Amino acid sequence: GTVSVPDGTISSIDLVGAGFRYFVTNQIAIGLGLSFGTSSSSLETEAGKSESSATLFGVGVDANYHLMALYGISPYVGLNVNFGSLSGTDEFTPEGGATEETEFSGNGFGVAAQLGFDWFFTEGLSLGGKYALGFRSLGEPEITSEGETEKGPSSTLFGISTFSVILNVHF
């Protein structure tokens, strides 16, 4: 998935994660991918103390139809649906002053048709790759500070994604 970033411009962060795939039949596979990350930082200077925290979450679902395999290569076509969310806070406490808190959030949603392959180079392992052609919508990121909310620009994208490389472990 992808999320919009509240920085006053049209920008985004691509999420990475891990997942699993289950073959419902010999040709149909359903996959679920999750992405999660959290960070926090603290800095104390002569001017005051700054603290930041952020959390990212993403989920993606794939449904793929595998075509006839040839020489250990299993090509497939499919569909991907994904969602991502970002939220966090920044706090600054000037020396001897009151704490100023800023909250921010952003999100994104995407749908894509995909074309890929799995190359079974040894038993139990395959190396895969895929391209996707799809639509992505990034919501209006928000920044709330001192009781006022400022919204950033939303955006929509349509196009071909970058090539993804995937290492699969089969049980």
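**Questions on a predicted structure**

Me: Between which strands is the loop that holds E146?
Reply: This is a predicted model, in which local features need pLDDT of at least 70, side-chain atom pairs count only at pLDDT 80 or more, and totals for chains, interfaces and linings use all residues. Residues are numbered from 1 along each chain as its sequence is written, and side-chain values use heavy atoms, with hydrogens and water left out. Strands are DSSP runs of E with at least two residues, and helices are runs of H or I with at least four, numbered from the N terminus. E146 has its place in the loop between β9 (142–145) and β10 (148–151).

Me: Is E146 buried or exposed?
Reply: Buried means under 20% relative accessible area, exposed means over 50%, and partly exposed lies in between, with a 1.4 Å probe and protein chains only. The relative accessible area of E146 is 69%, so this residue is exposed.

Me: What is the phi of E146?
Reply: Most residues other than glycine have a negative phi. E146 is not a glycine, yet its phi is positive, at about 55°.

Me: What does the C-alpha trace span along its principal axes, and what share of the residues is buried?
Reply: The trace spans about 70 × 30 × 25 Å along these axes. Of the 171 residues in the protein, the buried share is 26%.

Me: How many residues of strand β3 are buried?
Reply: Strand β3 covers residues 18–23 and has six residues. The strand lies largely in the open, because the number of buried residues in it is zero.

Me: Which residue is the bridge partner of A18 in β4?
Reply: Two strands pair if DSSP finds at least two bridges between them. Six bridges join β3 to strand β4 (residues 28–44), and the two strands run antiparallel. A hairpin of four residues links β3 to β4. In β4, the bridge partner of A18 is L34.

Me: Which residues does S41 contact, leaving aside its neighbours within four places in sequence?
Reply: S41 lies in strand β4. Its relative accessibility is 45%, so S41 counts as partly exposed. Contact means heavy atoms within 4.5 Å. With those neighbours left aside, S41 is in contact with S50, E51 and S52.

Me: With which side chain does N64 make a polar contact?
Reply: N64 is in strand β5, and its relative accessible area of 6% means that N64 is buried. A polar contact is a pair of N or O atoms within 3.5 Å; within protein, one must be able to donate a hydrogen and the other to accept it, and residues adjacent in sequence count only if both atoms are side-chain atoms. At 2.8 Å, the side chain of N64 has such a contact with that of Q114.

Me: Which side chain makes a polar contact of 3.3 Å with Q114?
Reply: Q114 is placed in strand β7 (residues 100–122). At 5% relative accessibility, Q114 counts as buried. Its contacts beyond four places in sequence include D62, Y76 and Y131. The polar contact of 3.3 Å joins the side chain of Q114 to that of K130.
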